[in-house]
4 protein chains.
Amino acid sequence: MTTITAAVAGASGYVGGEVLRTLLAHPNVEIGALTAASSAGSTLGEHQPHLVPLADRVLEPTTAEVLAGHDVVFLGLPHGTSAAIAAQLGDDTLVIDCGADFRLQSADDWETFYGGDHAGTWPYGLPELPGQRDVLAGAKRIAVPGCFPTASTLTIMPALAAGLIAPDITVVAPTGASGAGKSLKPHLLGSEMMGQASAYGVGGVHRHTPEIEQNLELVSGTRPTVSFTPILAPMSRGILATVSAPALDGVTAEDVRAAYVKAYADEPFIHVLPEGLWPQTKAVLGANMLHVQATLDPRARKVIAIGAMDNLAKGTAGGAIQSMNIALGLPETTGLTTIGVAP
Amino acid sequence: MTTITAAVAGASGYVGGEVLRTLLAHPNVEIGALTAASSAGSTLGEHQPHLVPLADRVLEPTTAEVLAGHDVVFLGLPHGTSAAIAAQLGDDTLVIDCGADFRLQSADDWETFYGGDHAGTWPYGLPELPGQRDVLAGAKRIAVPGCFPTASTLTIMPALAAGLIAPDITVVAPTGASGAGKSLKPHLLGSEMMGQASAYGVGGVHRHTPEIEQNLELVSGTRPTVSFTPILAPMSRGILATVSAPALDGVTAEDVRAAYVKAYADEPFIHVLPEGLWPQTKAVLGANMLHVQATLDPRARKVIAIGAMDNLAKGTAGGAIQSMNIALGLPETTGLTTIGVAP
Amino acid sequence: MTTITAAVAGASGYVGGEVLRTLLAHPNVEIGALTAASSAGSTLGEHQPHLVPLADRVLEPTTAEVLAGHDVVFLGLPHGTSAAIAAQLGDDTLVIDCGADFRLQSADDWETFYGGDHAGTWPYGLPELPGQRDVLAGAKRIAVPGCFPTASTLTIMPALAAGLIAPDITVVAPTGASGAGKSLKPHLLGSEMMGQASAYGVGGVHRHTPEIEQNLELVSGTRPTVSFTPILAPMSRGILATVSAPALDGVTAEDVRAAYVKAYADEPFIHVLPEGLWPQTKAVLGANMLHVQATLDPRARKVIAIGAMDNLAKGTAGGAIQSMNIALGLPETTGLTTIGVAP
Amino acid sequence: MTTITAAVAGASGYVGGEVLRTLLAHPNVEIGALTAASSAGSTLGEHQPHLVPLADRVLEPTTAEVLAGHDVVFLGLPHGTSAAIAAQLGDDTLVIDCGADFRLQSADDWETFYGGDHAGTWPYGLPELPGQRDVLAGAKRIAVPGCFPTASTLTIMPALAAGLIAPDITVVAPTGASGAGKSLKPHLLGSEMMGQASAYGVGGVHRHTPEIEQNLELVSGTRPTVSFTPILAPMSRGILATVSAPALDGVTAEDVRAAYVKAYADEPFIHVLPEGLWPQTKAVLGANMLHVQATLDPRARKVIAIGAMDNLAKGTAGGAIQSMNIALGLPETTGLTTIGVAP
């Protein structure tokens, strides 16, 4: 059996922790260097008590020297810091960036939403996009999508691809706190979050907006309009992407249902729920899985599609390892679970 | 000081409990009979341990005999049961129905969304609607709005009234569990709800849809299209109404902001947040208050408005008592707090 | 009606916010200066969106100059900072310290548990302790008890006072996150807290331990042994003090019940639940109230007493204002609610 | 590779769901019949949306006919119903009862705590008890322990076995809602549970009390006194067993630490945390794992030990499959994860 060595930069954070949790279940992976910034020198067990097999591992500083020499390097770093590290890692290393630096194709979008110079564009790690598995096969650099773009894109893609909707997409997406990482900000405190729903990044300013547009343009050939509103909900993990768009004339509920069933019949990590059931985020907790359901609102003439996903799993670490499998020529599903932890 | 006697039918449920909690702070109200269905004969303390001053009160059966003779009777009963009780209470009693039976004006809408015969239409207890305070003054029957219609209507009303948006409204509204009452259904169990977001009533089938349309028609003169998706979020109380609609040509963010500030300048129970702040549901927990903010998404050309409300407070019991005050000629704000319990 | 002016230092924090929320309902209080440290210059609305009537108030720096000239000054400051401020406020001002600096009588305990020099001892703001109302009447300085000591003391006091138990007390107390304030620490993040119970300060090292001992010594005349373990539970507010102690020979369940009923018959802010009902923290959410129940475990020969309290309300701000009422000669219950917000 | 067929009775409940989730990861198990009571005839997907690979399986009625012919049968049934089914399944079938019927050795204890006739005693599925692996090897009937007894026993066992404490044990254990199953009871509703801690079964009446005593008697040779108080905390899963007992004279903190490290050095499913770290329930979410830490409170002279466990995983389904592995002669750790899903 092939053995792949993998290093993880940013191992003390939520993304790094989930990458490690997923890699620990991967039969082909041997976990190598673990690095951190201010936490270098401490053990992983102090930061990730759930990862018992790695509890005694000491975190090293995040440098190219430490990360070099592995088959795969996962970067779970703050935005803007991946390029410098990646430049020092040769093409014999598969570098998988869980940050935003290389996701966008448009330098204009980058400057508008992130500011500063655009670092470039890497192969985009969303295998379910049309033609994307070919792009990822053999890739040496992969940009892992944002969690909202993964959920939003896959939730509305079949309706758009089948020509059932106008390209005028509204996404409202409650999500858990872990998407914000371990940032020490007052609004992320448990005291604030528990029992509370709140909106943020309202009015088209959230950085995932152009990424959703870019994905959907790849699907339909034209840039759609996307209104995206994220909502912070009192849970640790999970996204419930609630997507609506005007139904084109003549479209029926049966058309909608059929489009989803057909589009995702062979996708290992997307489950179209039986008719009448709607997605629940805990059904995919910890799993590399999107649950989706869609229908037509006949009065409002809108297609409504809902997708449930774990932002850290399929939304980040699971999706990253799915792309890694493709890039390395392993079976795409290796080491990935489709089963959530519920209730 | 005027003293009003008030009876509460359905005192063991969440609506009844919140009506009582609010009435206990009302300086003019003396609480009379408390009734229940299967819980008749038990004490209120067994069902509502927070209402200590009423802990020893024994629940009586819900009959017109028990409820008669009070100045005000609040009905917190299952849908379809209020009409029979109300018919036996004379016009010397103000009957305030917290259920749905008398909310809709259209018998067709009733039959489509609720089924069965339409019981009729009572003065609608949303004082902030245009002209509605006049309707409520002196009324002897009041239909308390649904919690989603209150939140959704008040959240988008200024933009619609000011002619800033097309009548094509999308509402996505995370809400807490108490809106479903004390129903013993598996999906309402704590094990299921905690850590989970899920959608229900998707595709225009939720019964609050025609009620939102009816309200907005009153505002703009034409029936809008409303796509409404409620989301069950892991919290006991709270609605975060996330409303969007296409901005008309030339509308600016400043127009949007100005419309809200102007529309709600004199409303005692609506607070337009300072620019840059967005509503949080805990800020209104237990308060008869809606917090609202709105802006323009200039890329998607959508007006996005967000309102936070406590479904049991301003969404039900607080709104009911606000309407009661108007009907009885008391100052509208008597006994009602605008201050939430946070964090 | 008497009007009292009150200033609040630390108005941007959770303690300051709850003091203000409670004062806003007090008929005799006019709210004066609001101060903060790093947040000085910003408006209260940015930090406490629930306190709408004070939303536009600008926070001033926390100095004696700003705080002087009020009838009452509430200090919600970090430990160790109250003494310097208080020293500059004359005896014409009632200073109520919500911090720990002046709670302990023993300088040794202070040094063991807090370190550094003991600032002194102020009248202790727990009116339900024997003789304490006399101590507080006319006081010009009040040390508000810690939240765990209030809950733990009042939960076991009747059994100890009645001579039913040995002075060997075990307290295990799940609590919400707000007791830790708005501290930006990783373990207080929503991502960590939601869905999780964890222990901290285990092994007798929590600073509230000697304060519980001090209170119980006042009750029984001898210093008891107290084993205290706090547990961080996934809620914003609330303490469920679970207290056990060996029952003395011959003690029956009826003795236990009778001791509690008798001890608290006249206490306005303690409710002994009806037999068979056990306390729930939401029943006292936002209320100046402790719910308590006790029984005998006949097999283990232990008295088990459970008390539910809101750490910010009766545990801090409510208790502080109850003591203020006594100190100023107002009726003790003025402006305080006994009714929680549930569900 | 050996292939074992396994049937699950009660597949629509939480215990059945977790058994299936765990079995789906077991390399030697083929899942056979799934049965239910009132849900027979429906698909598993309607009840357990997270178990996608089994979504289309139709639930059969719970009868011996349906369950017969499998190598292993797991029973997740209401108390009192397992005996009749088990009697019809021959000794060629390993029957693993996740209910209480066969846990207690003492018929008196059964009658006191459960009432009715004692069904008997089966080999007790807690492999970490002294000598218990020998008892389980080759067993054909296994009684899976209660979740509180597993957590409580393993949390205090090393201190008791090493002779560090008096046999006077106090257990206070916050737990999540799933331990109560999918019971439709008001206090288990999300509206009630979220944001709330409450106690139940107080005063030595909880049925798990004699089971903890029975386990500890096996450890120390004498029946200890156990005071056990469970607390319902707002989470779906998890137990935080907080156990204290009087330290014997001369016992030091180092003695306590050493006893735990030594006792559990070779246990694959118990992790003694590094000094200074205390258990967190999410670190073991979904894992067959107990995290434990212990220390001495030198003032109160108590040993305090804290254990974190997932009530459905190590507390029920994981523990059941661990015992199954032993009974069938498979490596004990087969198919079981030690890694929790956090945050």
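Trainee: Which residues of α7(C) meet which residues of α10(C)?

Mentor: On the α7(C) side, C:Thr155, C:Ile156, C:Pro158 and C:Ala159; on the α10(C) side, C:Ala259, C:Tyr260 and C:Ala263. Keep in mind that this is a predicted model.

Trainee: Left-handed or right-handed crossing?

Mentor: Right-handed, as α7(C) passes α10(C).

Trainee: New topic. What rotation puts chain A on chain B?

Mentor: A rotation of 180°, with 0.0 Å of shift along its axis, and the RMSD is 0.0 Å. The two copies are therefore related as by a two-fold rotation axis.

Trainee: Which residue of chain A comes closest to that axis?

Mentor: A:Pro234, whose C-alpha is at 3.1 Å.

Trainee: What surface do the copies meet through?

Mentor: The same surface, because 100% of the interface residues of chain A are also interface residues in chain B.

Trainee: Let's look at single residues. Where is A:His50?

Mentor: A:His50 sits in chain A, in the loop between α2 (44–47) and β3 (60–61).

Trainee: Buried or exposed?

Mentor: A:His50 is buried, because its relative accessible area is 2% and the cut-off for buried is under 20%.

Trainee: What is it in contact with?

Mentor: Setting aside neighbours within four places in sequence, A:His50 is in contact with A:Gly17 and A:Arg21, and with D:Ala283, D:Thr338, D:Ile339, D:Gly340 and D:Ala342.

Trainee: Now chain C. Where is C:Thr338, and what is it in contact with?

Mentor: C:Thr338 lies in the segment after α11 (313–328) of chain C.

Trainee: How much relative accessible area does C:Thr338 have?

Mentor: 18%, so C:Thr338 is buried.

Trainee: What about C:Gly204, buried or exposed?

Mentor: C:Gly204 counts as buried, at 7% relative accessibility. The loop that holds C:Gly204 runs between β8 (198–199) and α9 (209–220) of chain C. Not counting residues up to four places away in sequence, C:Gly204 touches C:Phe113, C:Thr209 and C:Phe228, plus D:Asp297 and D:Arg299.

Trainee: And D:Trp122, where does that lie?

Mentor: D:Trp122 is in the loop between α5 (107–113) and α6 (132–136) of chain D. With a relative accessible area of 12%, D:Trp122 is buried.

Trainee: Which residues does D:Trp122 touch?

Mentor: Apart from residues up to four places away in sequence, D:Trp122 touches D:Ala86, D:Val95, D:Asp97, D:Phe102, D:Arg141, D:Ile142 and D:Ala143. The C-alpha of D:Trp122 is separated by 8.5 Å from that of D:Leu104, which is 18 residues apart along the chain.

Trainee: What about the backbone? Which peptide bond in chain A is cis?

Mentor: One from A:Ala342 to A:Pro343 is cis, with omega near 0°. A:Pro343 is in the segment after α11 (313–328) of chain A. In chain C, a cis peptide bond joins C:Ala342 and C:Pro343, with omega about 0°. Most peptide bonds are trans.

Trainee: What is the phi of A:Arg301?

Mentor: About 55°, a positive value although A:Arg301 is not a glycine. Most residues other than glycine have a negative phi. A:Arg301 lies in the loop between β12 (290–297) and β13 (302–309) of chain A, and is partly exposed at 30% relative accessible area.

Trainee: And the phi of C:Arg301?

Mentor: Near 50°, so positive in a residue other than glycine, and C:Arg301 counts as partly exposed at 30% relative accessibility.

Terms used
Residues numbered from 1 in each chain as written. Chains lettered and ligands numbered in written order. Predicted model: local features only at pLDDT ≥ 70, side-chain atom pairs only at ≥ 80, totals over all residues. Heavy atoms only, no water. Least-squares fit on C-alpha atoms with pLDDT ≥ 70 in both. Contact = heavy atoms within 4.5 Å. Left-handed = near helix turned anticlockwise from the far one by under 90°. Helix = DSSP H or I, 4+ residues; strand = E, 2+ residues; numbered from the N terminus. Buried < 20%, exposed > 50% of the residue type's maximum accessible area, 1.4 Å probe, protein only.
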